[in-house]
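Subject: Structure for you to look at

Hello,

Here is the structure I said I would pass on.

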Amino acid sequence: MSTNELKLRAAKAFQDVCGYQATTFVQAPGRVNLIGEHTDYNDGFVMPCAINYQAVIACAKRSDGIVRLISVDYDNVQDSFAVDAPIQPTEDKLWANYMRGVVHFLKEKGYAVGGADIAITGNVPLGSGLSSSAALEVVTGQAMKALYDLDVAQSELALIGQASEHNFAGCNCGIMDQMISACGEKNHALLLDCRSLETKAVHIPENISIMIVNSNVTHSLVDGAYNALRRQCEEASRILGKVALRDATLAELNASAIEKGSDVYKRAHHVISENFRTVACADALIAGDLQKVGEYMYASHASMRDDFEITVPEIDYIVEVLTEVLGTKGGARMTGGGFGGCCVALMPADMVDQAKAAIEAKYEAKTGIKESIYICTPQDGAGQI
Ligand code: ADP
Ligand code: MG
(Lines give C-alpha, C1' and ligand atoms only; values in the text may rest on other atoms or scores of the structure.)
(Ligands and ions follow the chains in the order given, each with its own letter.)
Protein backbone atom coordinates (compact mmCIF):
# COMPACT_ATOMS: atom_id res chain seq x y z
CA MET A 1 0.00 0.00 0.00
CA SER A 2 1.43 3.35 -1.07
CA THR A 3 1.74 6.47 1.08
CA ASN A 4 -1.21 7.93 -0.77
CA GLU A 5 -3.40 4.92 -0.13
CA LEU A 6 -2.50 5.03 3.57
CA LYS A 7 -3.31 8.74 3.59
CA LEU A 8 -6.73 8.10 2.02
CA ARG A 9 -7.46 5.34 4.53
CA ALA A 10 -6.56 7.60 7.45
CA ALA A 11 -8.57 10.49 5.95
CA LYS A 12 -11.66 8.33 5.53
CA ALA A 13 -11.53 6.94 9.07
CA PHE A 14 -10.99 10.45 10.42
CA GLN A 15 -14.05 11.73 8.53
CA ASP A 16 -16.20 8.73 9.60
CA VAL A 17 -15.37 9.05 13.29
CA CYS A 18 -14.95 12.80 13.72
CA GLY A 19 -17.55 14.00 11.21
CA TYR A 20 -15.26 16.59 9.64
CA GLN A 21 -12.16 16.57 7.46
CA ALA A 22 -8.59 16.25 8.70
CA THR A 23 -6.43 19.30 8.09
CA THR A 24 -2.99 17.74 8.34
CA PHE A 25 -1.26 14.52 7.27
CA VAL A 26 2.10 13.19 8.45
CA GLN A 27 4.07 9.98 8.05
CA ALA A 28 6.98 8.20 9.74
CA PRO A 29 8.69 5.11 8.30
CA GLY A 30 9.77 1.78 9.76
CA ARG A 31 13.38 0.77 9.34
CA VAL A 32 15.83 -1.99 8.64
CA ASN A 33 19.30 -2.08 10.12
CA LEU A 34 21.86 -2.97 7.46
CA ILE A 35 24.67 -3.57 9.96
CA GLY A 36 25.60 -2.75 13.57
CA GLU A 37 23.67 -5.09 15.88
CA HIS A 38 23.63 -4.70 19.68
CA THR A 39 26.07 -1.83 19.27
CA ASP A 40 23.55 0.92 20.02
CA TYR A 41 23.43 0.50 23.79
CA ASN A 42 27.21 0.15 23.82
CA ASP A 43 27.49 3.73 22.54
CA GLY A 44 28.56 2.41 19.13
CA PHE A 45 27.62 2.67 15.47
CA VAL A 46 24.62 1.37 13.53
CA MET A 47 23.65 1.77 9.88
CA PRO A 48 19.90 1.57 9.32
CA CYS A 49 17.76 2.95 6.53
CA ALA A 50 14.14 4.05 6.60
CA ILE A 51 11.91 1.87 4.42
CA ASN A 52 8.81 2.21 2.27
CA TYR A 53 6.55 0.87 5.01
CA GLN A 54 5.22 3.56 7.28
CA ALA A 55 2.79 4.91 9.86
CA VAL A 56 0.45 7.64 8.63
CA ILE A 57 -1.69 10.07 10.62
CA ALA A 58 -4.64 12.23 9.59
CA CYS A 59 -5.24 14.91 12.20
CA ALA A 60 -6.67 18.28 13.16
CA LYS A 61 -6.44 20.58 16.16
CA ARG A 62 -9.09 20.62 18.86
CA SER A 63 -9.66 23.71 20.95
CA ASP A 64 -10.83 21.89 24.11
CA GLY A 65 -7.46 20.41 25.13
CA ILE A 66 -8.59 16.81 24.50
CA VAL A 67 -6.46 14.41 22.48
CA ARG A 68 -8.56 11.73 20.79
CA LEU A 69 -6.67 8.83 19.21
CA ILE A 70 -8.37 6.62 16.62
CA SER A 71 -6.70 3.35 15.63
CA VAL A 72 -7.79 2.70 12.05
CA ASP A 73 -6.11 -0.71 12.03
CA TYR A 74 -7.95 -1.84 15.18
CA ASP A 75 -11.50 -1.12 13.87
CA ASN A 76 -11.36 2.57 14.76
CA VAL A 77 -11.10 1.88 18.49
CA GLN A 78 -10.55 5.15 20.38
CA ASP A 79 -8.61 6.47 23.31
CA SER A 80 -8.78 9.99 24.70
CA PHE A 81 -7.14 12.07 27.39
CA ALA A 82 -6.76 15.68 28.46
CA VAL A 83 -3.47 17.33 27.59
CA ASP A 84 -3.40 19.47 30.72
CA ALA A 85 -3.99 16.63 33.20
CA PRO A 86 -1.17 14.19 34.08
CA ILE A 87 -0.86 11.71 31.19
CA GLN A 88 -0.44 8.07 32.12
CA PRO A 89 -0.31 4.73 30.28
CA THR A 90 -3.65 2.92 29.90
CA GLU A 91 -4.13 -0.64 31.12
CA ASP A 92 -5.88 -2.04 28.08
CA LYS A 93 -5.01 -0.03 24.97
CA LEU A 94 -1.37 -0.84 24.57
CA TRP A 95 -1.17 0.75 21.10
CA ALA A 96 -2.27 4.09 22.57
CA ASN A 97 0.48 4.08 25.20
CA TYR A 98 3.22 4.70 22.62
CA MET A 99 1.29 7.81 21.53
CA ARG A 100 0.30 8.98 25.01
CA GLY A 101 3.95 8.82 26.05
CA VAL A 102 4.98 11.07 23.17
CA VAL A 103 2.45 13.74 24.14
CA HIS A 104 3.51 13.40 27.78
CA PHE A 105 7.22 13.91 27.02
CA LEU A 106 6.59 16.75 24.54
CA LYS A 107 4.68 18.49 27.30
CA GLU A 108 7.31 17.66 29.92
CA LYS A 109 10.03 19.16 27.74
CA GLY A 110 8.08 22.38 27.51
CA TYR A 111 6.58 22.16 24.03
CA ALA A 112 3.18 23.86 23.79
CA VAL A 113 1.04 20.95 22.64
CA GLY A 114 -2.74 21.09 22.66
CA GLY A 115 -5.81 19.05 21.84
CA ALA A 116 -6.14 17.08 18.62
CA ASP A 117 -8.12 14.45 16.77
CA ILE A 118 -5.65 11.90 15.45
CA ALA A 119 -6.39 8.89 13.21
CA ILE A 120 -3.46 6.48 12.88
CA THR A 121 -2.88 3.74 10.33
CA GLY A 122 0.17 2.02 8.88
CA ASN A 123 1.65 -0.86 6.95
CA VAL A 124 4.80 -1.61 8.93
CA PRO A 125 4.20 -5.23 9.98
CA LEU A 126 3.66 -5.24 13.76
CA GLY A 127 6.20 -7.02 15.93
CA SER A 128 8.37 -8.16 13.03
CA GLY A 129 11.47 -6.19 13.89
CA LEU A 130 10.87 -3.42 11.35
CA SER A 131 10.03 -1.07 14.19
CA SER A 132 6.38 -0.25 13.81
CA SER A 133 6.57 1.04 17.38
CA ALA A 134 9.20 3.69 16.58
CA ALA A 135 7.21 4.71 13.50
CA LEU A 136 4.13 5.09 15.71
CA GLU A 137 5.98 7.23 18.26
CA VAL A 138 7.71 9.43 15.72
CA VAL A 139 4.59 9.97 13.62
CA THR A 140 2.74 11.07 16.76
CA GLY A 141 5.43 13.63 17.55
CA GLN A 142 5.42 14.73 13.93
CA ALA A 143 1.65 15.27 14.06
CA MET A 144 1.94 17.52 17.12
CA LYS A 145 4.88 19.33 15.53
CA ALA A 146 2.82 20.04 12.41
CA LEU A 147 -0.43 20.96 14.20
CA TYR A 148 1.13 23.24 16.80
CA ASP A 149 4.04 24.49 14.71
CA LEU A 150 6.50 23.28 17.33
CA ASP A 151 10.13 24.27 17.03
CA VAL A 152 11.38 20.77 17.76
CA ALA A 153 14.32 19.11 16.01
CA GLN A 154 13.80 15.71 14.37
CA SER A 155 16.45 14.19 16.67
CA GLU A 156 14.50 15.56 19.65
CA LEU A 157 11.35 13.83 18.34
CA ALA A 158 13.42 10.64 18.26
CA LEU A 159 14.51 11.06 21.89
CA ILE A 160 10.93 11.78 22.94
CA GLY A 161 9.79 8.63 21.11
CA GLN A 162 12.46 6.61 22.89
CA ALA A 163 11.40 8.04 26.27
CA SER A 164 7.84 7.00 25.49
CA GLU A 165 8.93 3.49 24.55
CA HIS A 166 10.91 3.18 27.80
CA ASN A 167 8.32 4.64 30.14
CA PHE A 168 4.93 4.06 28.52
CA ALA A 169 5.55 0.80 26.64
CA GLY A 170 8.09 -0.78 29.02
CA CYS A 171 10.72 -1.55 26.39
CA ASN A 172 14.29 -0.43 27.08
CA CYS A 173 15.27 0.14 23.45
CA GLY A 174 18.29 2.04 22.10
CA ILE A 175 17.93 5.22 20.05
CA MET A 176 18.46 3.75 16.57
CA ASP A 177 14.86 3.05 15.58
CA GLN A 178 13.46 6.46 16.43
CA MET A 179 16.47 8.30 14.97
CA ILE A 180 16.22 6.65 11.57
CA SER A 181 12.44 7.01 11.48
CA ALA A 182 12.76 10.72 12.27
CA CYS A 183 15.89 11.54 10.26
CA GLY A 184 16.14 9.05 7.37
CA GLU A 185 17.04 10.21 3.86
CA LYS A 186 15.71 8.90 0.57
CA ASN A 187 18.21 6.67 -1.28
CA HIS A 188 20.52 6.69 1.73
CA ALA A 189 21.31 4.65 4.79
CA LEU A 190 22.42 6.54 7.87
CA LEU A 191 25.62 5.78 9.72
CA LEU A 192 24.55 6.76 13.22
CA ASP A 193 26.87 7.35 16.15
CA CYS A 194 24.68 6.31 19.07
CA ARG A 195 26.84 8.28 21.51
CA SER A 196 26.79 11.71 19.87
CA LEU A 197 23.71 11.12 17.66
CA GLU A 198 25.78 12.42 14.75
CA THR A 199 24.64 10.99 11.44
CA LYS A 200 26.30 10.52 8.09
CA ALA A 201 24.16 9.80 5.04
CA VAL A 202 25.50 6.91 2.99
CA HIS A 203 24.21 6.75 -0.58
CA ILE A 204 22.69 3.49 -1.76
CA PRO A 205 22.78 3.35 -5.57
CA GLU A 206 19.47 2.56 -7.24
CA ASN A 207 20.82 -0.64 -8.77
CA ILE A 208 21.25 -2.11 -5.29
CA SER A 209 18.15 -3.72 -3.76
CA ILE A 210 17.37 -4.31 -0.13
CA MET A 211 15.54 -7.54 0.61
CA ILE A 212 14.09 -8.32 4.01
CA VAL A 213 13.13 -11.90 4.78
CA ASN A 214 11.02 -12.37 7.87
CA SER A 215 11.56 -15.85 9.31
CA ASN A 216 8.23 -15.51 11.13
CA VAL A 217 9.91 -17.12 14.11
CA THR A 218 9.35 -15.35 17.42
CA HIS A 219 10.72 -16.36 20.78
CA SER A 220 9.12 -15.50 24.09
CA LEU A 221 12.41 -15.39 26.03
CA VAL A 222 13.62 -12.32 24.18
CA ASP A 223 13.34 -9.75 26.98
CA GLY A 224 15.17 -11.84 29.56
CA ALA A 225 17.90 -12.77 27.10
CA TYR A 226 18.27 -9.15 26.01
CA ASN A 227 18.76 -7.96 29.57
CA ALA A 228 21.33 -10.69 30.25
CA LEU A 229 23.30 -9.69 27.15
CA ARG A 230 23.26 -6.06 28.19
CA ARG A 231 24.60 -7.00 31.61
CA GLN A 232 27.43 -9.04 30.07
CA CYS A 233 28.39 -6.08 27.87
CA GLU A 234 28.39 -3.78 30.89
CA GLU A 235 30.53 -6.22 32.83
CA ALA A 236 33.06 -6.42 30.00
CA SER A 237 33.33 -2.67 29.75
CA ARG A 238 33.69 -2.37 33.54
CA ILE A 239 36.55 -4.89 33.58
CA LEU A 240 38.17 -3.09 30.65
CA GLY A 241 37.82 0.21 32.50
CA LYS A 242 35.85 1.85 29.70
CA VAL A 243 32.76 4.03 29.73
CA ALA A 244 31.31 1.70 27.08
CA LEU A 245 32.51 -1.10 24.80
CA ARG A 246 32.59 1.44 22.00
CA ASP A 247 35.85 2.70 23.55
CA ALA A 248 37.57 -0.71 23.62
CA THR A 249 39.74 -2.44 21.02
CA LEU A 250 40.15 -6.17 20.37
CA ALA A 251 43.79 -5.87 21.46
CA GLU A 252 42.66 -4.50 24.83
CA LEU A 253 40.09 -7.26 25.16
CA ASN A 254 42.72 -9.92 24.44
CA ALA A 255 45.17 -8.39 26.91
CA SER A 256 42.53 -8.12 29.66
CA ALA A 257 41.61 -10.37 32.57
CA ILE A 258 38.49 -11.53 30.72
CA GLU A 259 38.89 -15.23 30.08
CA LYS A 260 39.06 -16.07 26.37
CA GLY A 261 36.06 -18.08 25.23
CA SER A 262 33.94 -17.07 28.25
CA ASP A 263 30.48 -15.62 27.61
CA VAL A 264 31.60 -12.13 28.63
CA TYR A 265 34.59 -12.38 26.26
CA LYS A 266 32.41 -13.50 23.35
CA ARG A 267 29.83 -10.76 23.90
CA ALA A 268 32.55 -8.11 24.01
CA HIS A 269 34.24 -9.63 20.97
CA HIS A 270 31.02 -9.28 18.99
CA VAL A 271 30.36 -5.69 20.00
CA ILE A 272 33.92 -4.46 19.46
CA SER A 273 34.30 -6.19 16.09
CA GLU A 274 30.77 -5.20 15.01
CA ASN A 275 31.52 -1.53 15.64
CA PHE A 276 34.58 -1.78 13.42
CA ARG A 277 32.61 -3.63 10.72
CA THR A 278 29.81 -1.06 10.73
CA VAL A 279 32.10 1.89 10.09
CA ALA A 280 34.10 -0.08 7.51
CA CYS A 281 30.92 -1.25 5.79
CA ALA A 282 29.76 2.36 5.44
CA ASP A 283 33.09 3.20 3.78
CA ALA A 284 32.73 0.23 1.42
CA LEU A 285 29.21 1.33 0.48
CA ILE A 286 30.44 4.86 -0.19
CA ALA A 287 33.19 3.41 -2.38
CA GLY A 288 30.56 1.36 -4.26
CA ASP A 289 32.31 -1.89 -3.31
CA LEU A 290 29.36 -4.24 -2.89
CA GLN A 291 31.63 -7.26 -2.51
CA LYS A 292 33.27 -5.73 0.59
CA VAL A 293 29.87 -4.68 1.93
CA GLY A 294 28.78 -8.30 1.55
CA GLU A 295 31.87 -9.60 3.36
CA TYR A 296 31.12 -7.36 6.35
CA MET A 297 27.49 -8.47 6.38
CA TYR A 298 28.38 -12.17 6.33
CA ALA A 299 30.97 -11.58 9.06
CA SER A 300 28.41 -9.70 11.12
CA HIS A 301 26.08 -12.66 10.88
CA ALA A 302 28.78 -15.12 11.93
CA SER A 303 29.60 -12.90 14.89
CA MET A 304 25.96 -12.77 16.00
CA ARG A 305 25.72 -16.54 15.63
CA ASP A 306 29.01 -17.56 17.28
CA ASP A 307 29.92 -14.73 19.68
CA PHE A 308 26.65 -13.07 20.63
CA GLU A 309 24.66 -16.31 20.22
CA ILE A 310 21.41 -14.64 19.23
CA THR A 311 20.56 -16.42 16.00
CA VAL A 312 18.27 -19.44 15.65
CA PRO A 313 18.51 -22.27 13.08
CA GLU A 314 15.74 -20.84 10.87
CA ILE A 315 17.56 -17.50 10.64
CA ASP A 316 20.91 -19.18 9.96
CA TYR A 317 19.25 -21.14 7.18
CA ILE A 318 17.88 -18.02 5.47
CA VAL A 319 21.36 -16.49 5.48
CA GLU A 320 22.81 -19.77 4.20
CA VAL A 321 20.38 -19.84 1.25
CA LEU A 322 21.00 -16.16 0.45
CA THR A 323 24.76 -16.70 0.68
CA GLU A 324 24.52 -19.54 -1.84
CA VAL A 325 22.64 -17.33 -4.28
CA LEU A 326 24.50 -14.07 -3.79
CA GLY A 327 28.06 -15.25 -3.19
CA THR A 328 30.42 -12.30 -3.59
CA LYS A 329 27.82 -10.20 -5.44
CA GLY A 330 26.01 -9.12 -2.26
CA GLY A 331 25.59 -9.92 1.42
CA ALA A 332 23.09 -11.12 4.00
CA ARG A 333 22.74 -11.21 7.75
CA MET A 334 20.21 -11.35 10.54
CA THR A 335 18.90 -7.92 11.46
CA GLY A 336 17.26 -6.89 14.72
CA GLY A 337 17.58 -8.03 18.29
CA GLY A 338 17.74 -11.75 17.55
CA PHE A 339 16.05 -15.07 18.45
CA GLY A 340 14.00 -14.96 15.25
CA GLY A 341 12.77 -11.98 13.28
CA CYS A 342 14.25 -10.86 10.00
CA CYS A 343 17.28 -11.17 7.75
CA VAL A 344 18.41 -8.38 5.47
CA ALA A 345 20.29 -8.73 2.20
CA LEU A 346 21.87 -6.22 -0.18
CA MET A 347 22.18 -7.33 -3.79
CA PRO A 348 22.26 -6.09 -7.37
CA ALA A 349 18.66 -5.32 -8.38
CA ASP A 350 18.77 -7.94 -11.11
CA MET A 351 19.36 -10.72 -8.54
CA VAL A 352 16.20 -10.08 -6.54
CA ASP A 353 14.03 -12.57 -8.44
CA GLN A 354 16.62 -15.30 -8.07
CA ALA A 355 17.11 -14.67 -4.34
CA LYS A 356 13.37 -14.56 -3.73
CA ALA A 357 12.82 -17.79 -5.67
CA ALA A 358 15.51 -19.59 -3.67
CA ILE A 359 13.96 -18.61 -0.33
CA GLU A 360 10.46 -19.48 -1.51
CA ALA A 361 11.64 -22.88 -2.74
CA LYS A 362 13.66 -23.83 0.32
CA TYR A 363 12.71 -22.08 3.57
CA GLU A 364 9.26 -23.47 4.22
CA ALA A 365 10.26 -26.90 2.90
CA LYS A 366 13.07 -27.04 5.46
CA THR A 367 11.43 -25.37 8.48
CA GLY A 368 7.68 -25.78 8.03
CA ILE A 369 7.27 -22.01 8.43
CA LYS A 370 6.27 -19.65 5.64
CA GLU A 371 8.49 -16.59 5.31
CA SER A 372 7.45 -13.04 4.35
CA ILE A 373 9.60 -11.11 1.90
CA TYR A 374 9.77 -7.31 1.59
CA ILE A 375 11.69 -5.52 -1.14
CA CYS A 376 12.59 -2.08 0.18
CA THR A 377 13.94 1.21 -1.01
CA PRO A 378 15.47 3.74 1.40
CA GLN A 379 13.05 6.55 2.19
CA ASP A 380 12.94 9.96 3.78
CA GLY A 381 12.29 10.07 7.50
CA ALA A 382 9.17 11.50 9.10
CA GLY A 383 7.46 14.55 7.69
CA GLN A 384 4.28 16.09 6.39
CA ILE A 385 2.55 14.58 3.35
P1 ADP B 1 8.03 -3.72 16.24
O2 ADP B 1 8.42 -2.35 16.69
O3 ADP B 1 9.20 -4.58 15.96
O4 ADP B 1 7.08 -3.71 15.09
P5 ADP B 1 6.88 -3.80 18.87
O6 ADP B 1 6.37 -4.94 19.69
O7 ADP B 1 7.97 -2.99 19.41
O8 ADP B 1 7.27 -4.41 17.44
O9 ADP B 1 5.67 -2.82 18.54
C10 ADP B 1 4.45 -3.30 18.02
C11 ADP B 1 3.27 -2.63 18.72
O12 ADP B 1 3.22 -1.24 18.34
C13 ADP B 1 1.94 -3.18 18.29
O14 ADP B 1 1.59 -4.31 19.06
C15 ADP B 1 0.99 -2.00 18.54
O16 ADP B 1 0.64 -1.92 19.91
C17 ADP B 1 1.86 -0.82 18.25
N18 ADP B 1 1.64 -0.30 16.87
C19 ADP B 1 2.58 -0.16 15.91
N20 ADP B 1 2.05 0.39 14.80
C21 ADP B 1 0.76 0.60 15.03
C22 ADP B 1 -0.34 1.14 14.28
N23 ADP B 1 -0.18 1.55 13.02
N24 ADP B 1 -1.54 1.23 14.88
C25 ADP B 1 -1.71 0.80 16.16
N26 ADP B 1 -0.73 0.29 16.91
C27 ADP B 1 0.49 0.17 16.37
MG1 MG C 1 9.49 -1.92 18.45
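The notes below cover a sheet and its helices, a group of packed helices, a hairpin and a single residue.

Please keep in mind that this is a predicted model.

The sheet

Four strands form an open sheet in the order E9-E10-E8-E11, and the pairing is antiparallel. The edges are taken by E9 (331–335) and E11 (372–376); each of these has a single partner strand, so one side of each has no neighbour in the sheet. From one strand to the next the twist averages 20 degrees.

Going through the pairs, E9 is joined to E10 (residues 342–348) by five bridges, the two running antiparallel. In that pair Met 334 is opposite Cys 343 of E10. E10 is also joined to E8, by seven bridges and again in the antiparallel sense. There, Ser 209 faces Met 347 in E10. On its other pairing, E8 meets E11 through five antiparallel bridges, with Asn 214 standing opposite Ser 372 in E11.

How much of E8 is covered? Seven of its seven residues are buried. Ile 208, Ile 210, Ile 212 and Asn 214 point one way from the strand, while Ser 209, Met 211 and Val 213 point the other way, and all of them are buried.

H9 (residues 290–306) lies across E8 (208–214), E9 and E10, and runs at about 35 degrees to E9. H10 (residues 313–326) packs on the sheet as well, touching E8, E9 and E10, and its direction makes about 5 degrees with that of E10.

Helices around H3

H3 (residues 132–147) packs with H4 (residues 154–167), with H5 and with H2, taken in turn here.

With H4, the angle is about 125 degrees and the axes are 9 Å apart. That angle makes H3 oblique to H4. The crossing is right-handed. On the H3 side the contact has Ser 133, Ala 134, Glu 137, Gly 141, Gln 142 and Lys 145; on the H4 side it has Gln 154, Leu 157, Gly 161, Gln 162, Ser 164 and Glu 165. Sorted by class, the contact of H3 with H4 holds two nonpolar, seven polar and three charged residues.

With H5 (residues 176–183), the axes come within 9 Å and cross at roughly 50 degrees. H3 and H5 are therefore oblique to each other, and their crossing is right-handed. Ala 134, Ala 135, Glu 137 and Val 138 of H3 meet Asp 177, Gln 178, Ser 181 and Ala 182 of H5. By class, the residues of this contact divide into four nonpolar, two polar and two charged.

With H2 (residues 94–108), the axes again come within 9 Å, and they cross at roughly 45 degrees. H2 and H3 are therefore oblique to each other. H2 passes H3 in a right-handed crossing. Trp 95, Tyr 98, Met 99, Val 102, Val 103 and Leu 106 in H2 meet Ser 133, Leu 136, Glu 137, Thr 140, Gly 141 and Met 144 in H3. The contact of H2 with H3 has eight nonpolar, three polar and one charged residues.

Glu 137 is listed in the contact with H4, in the contact with H5 and in the contact with H2.

The hairpin

E3 (residues 66–71) and E4 (residues 77–82) run antiparallel and are joined by six bridges. Leu 69 stands opposite Asp 79 in E4. The two strands form a hairpin with five residues between them, and Asp 75 in the turn has a positive phi of about 55 degrees.

Leu 8

Is Leu 8 buried or exposed? Leu 8 sits in H1 (residues 3–18). Its relative accessible area is 55%, over the 50% cut-off, so Leu 8 is exposed. Leu 8 and Cys 376 lie 368 residues apart along the chain, and their C-alpha atoms are separated by 22 Å.

Regards

Conventions: Residues are numbered from 1 along each chain as its sequence is written. Chains are lettered from A and ligands numbered from 1 in the order in which they are written. This is a predicted model: local features need pLDDT of at least 70, side-chain atom pairs count only at pLDDT 80 or more; totals for chains, interfaces and linings use all residues. Side-chain values use heavy atoms; hydrogens and water are left out. Two strands pair if DSSP finds at least two bridges between them. Axes are lines fitted to C-alpha atoms, for helices over the stretch in contact, and angles run from 0 to 180 degrees between N-to-C directions. Contact means heavy atoms within 4.5 Å. Buried means under 20% relative accessible area, exposed over 50%, partly exposed in between (1.4 Å probe, protein chains only). Angles under 35 degrees count as roughly parallel, over 145 as roughly antiparallel, 65 to 115 as roughly perpendicular and the rest as oblique. A crossing is left-handed if the near helix is turned anticlockwise from the far one by less than a right angle, and right-handed if clockwise. Ala, Val, Leu, Ile, Met, Phe, Trp, Tyr, Cys and Pro count as nonpolar, Asp, Glu, Lys and Arg as charged, and the others, Gly among them, as polar.
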